[in-house]
Amino acid sequence: MQLAVQNISHRYGDLQVLDDVSFTLRAGETFALIGPSGCGKSTLLGIMGGLLRPAAGAVAASGAPPLGCLNPFTYVFQDFALLPWRSVAGNVALALEHHPLGAAERQARIGEVLALCGLADFAQAYPKQLSGGMRQRVGIARAIAVRPAVLLMDEPLSALDAQTRDLLIEDLIAIWARERTTSVYVTHNLVEALRLADRVGVLSRRPGRLIRVIEIGIPREARARTEHAGEMARLHDALWASIKHDAQVAEREMQHV
Amino acid sequence: MSETREIRDRELRGRDLGTVRFRGGGFEPAGRRWASWLAFAAIILLWQAASSVGLLSPVAMPSPLAVVNALHDLAASGKLGNHLGQSLYRIGLGWLIGTAAGLAIGLAMGIFSVARAIGIPVTAALFPIPKIALLPLFILWFGIGEPSKVATIALGVFFPTVISAYSAVDNVPRNLIRMGQSFGVPAPAIVAKIVLPGAMPGILAGFRISSSIALILVVAAEMIGAEYGIGAFILAAGNLMQTDQLVAGVVMLSLLGLAISLVLGRIERRVLRWR
């Protein structure tokens, strides 16, 4: 499924946060959006999945969603957004309950995604009993249970410590290798973007404009290898050079609350 | 002045610091069951001792034994059950009506802008009225019998329930509601599966407040005009200077309050197991 972001602009009151952003997601790719804090990355993601109404522009989807897709545009949230009164299985079930699935198929889907995310033994656990990394695995399991056409991930790992983040990055790479879901990955972490994305889009500081898109030619699974270290470092430096100045200015800006 | 300071500085420097002294701890009140029971027993024993040696006149303040005797006699004659039953019936019915209406209005105010715009000023204006002041009006409307008392309790329960329900809905994290929307969960299911369970802690906390209000109002209403009920019983005992009966009635109120909070505690533990 293809998703075209067409001339999106957005403002909160007098504050312009996005200015004429356009790009097209290719089917099956992972597109990372990076930029300094407050540049409108999360706003753009909210607009792409229909949770926010843009001030101008539109998002157009074309092509059929995958087989068994229940919720074409599905989010993974930074703060996990799990219901604390539901078990792990119950949280995944929430995404399925309002669809006409048989009880057997619902159970099958829940079991399948829990196994895929390494949660099979935690089906009856409650979120408060889990570590941050396991909670986000529940968030990811819930998202893939609906077989999304586009997975919209809003800084999914930024609430986690560095080691947990590395573990989840490996999990995500494994899951994507299997599911091949088209994904948008918003982050302010260059390393995450470089490990996970096929293409990286760079947004300027507020108002966010898409200033460049970098294609990473090395397959995801091979990026950690030493022979690609030089190329990865070069990409990292190029990305950092394109956002460093904006990040510095953004950091010194007064908060508009 | 600078001389004394120099001397002090020299003394401070000269001293060996030695082992690091523990200075944390404390300020963490924990359960000490035995202490609670011991204090309780001590108060009653002291009270009994003061009565036995004649420090307390039996007319002004009956001894614990006299109160227990009075309670026993009341229970044996069946009057206790009668009074208690009447009061419980009024509290139960009034609380149920007030809570049902309060939850309906309060949840609506938590969800719909128009309901909130109407509800907040109305609640602000009517909530501060001591509801017992309206009993005479209700007596004119409904007569001296049960409906006027039940209506007073229901109204007294209604407003705090409205306030706790809508603030409980406000406290449901918005991100959970957004999550429900992002998965296409229909609005009624979002209310049933996300808003209501999320508001439950606040609603149950409100039950504690409203149940104690119901207890106050039932006694006040029964003192104004009732044949049976703990409030009426306490008033009658006071008029006849039967202080043992009077204190027995007060003890029953204390036990009733304890029982209600025990039941609510059970419900909270069951419903909020996930916390």
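Q: What makes Gly119(B) a point of note in α5(B)?
A: A kink of about 25 degrees lies at Gly119(B), shortly before the proline Pro121(B). The value is a bend, that is, the angle between axes fitted to the seven residues ending at a position and the seven starting there. The model is predicted, so local features are reported only at pLDDT of at least 70 and side-chain atom pairs only at pLDDT 80 or more, while totals for chains, interfaces and linings use all residues. Residues are numbered from 1 along each chain as its sequence is written, and chains are lettered from A and ligands numbered from 1 in the order in which they are written.

Q: How do you know what span to expect of α5 in chain B?
A: The expected span is 1.5 Å times one less than the number of residues in the helix. Helix α5(B), residues 113-126, has 14 residues, and its first and last C-alpha atoms are 20 Å apart, close to the expected 20 Å. It is called a helix because DSSP gives a run of H or I of at least four residues; a strand is a run of E of at least two, and both are numbered from the N terminus.

Q: How do you know how confident the prediction is for chain A and chain B?
A: The predictor states its confidence in each residue as pLDDT, from 0 to 100. Chain A averages 90, with 98% of residues scoring at least 70; chain B averages 91, with 97% at that level. Within chain A, the lowest mean is 85, in helix α7 (residues 229-252), and the highest is 96, in helix α2 (residues 88-94). For the model, ipTM is 0.91 and pTM is 0.84.

Q: What joins β1(A) to β2, and in which sense do they run?
A: The two strands are antiparallel and joined by 7 bridges, with β2 covering residues 15-25 of chain A. Arg11(A) has Gln16(A) in β2(A) as its bridge partner. Together β1(A) and β2(A) form a hairpin with 2 residues between them, and Gly13(A) in the turn has a positive phi of about 60 degrees.

Q: How do you know which residues count in the contact of chain A with chain B?
A: Two residues are in contact if their C-beta atoms, placed from the backbone, lie within 7 Å. The contact takes 16 residues from chain A and 15 residues from chain B.

Technical notes. Pairing = 2+ DSSP bridges.
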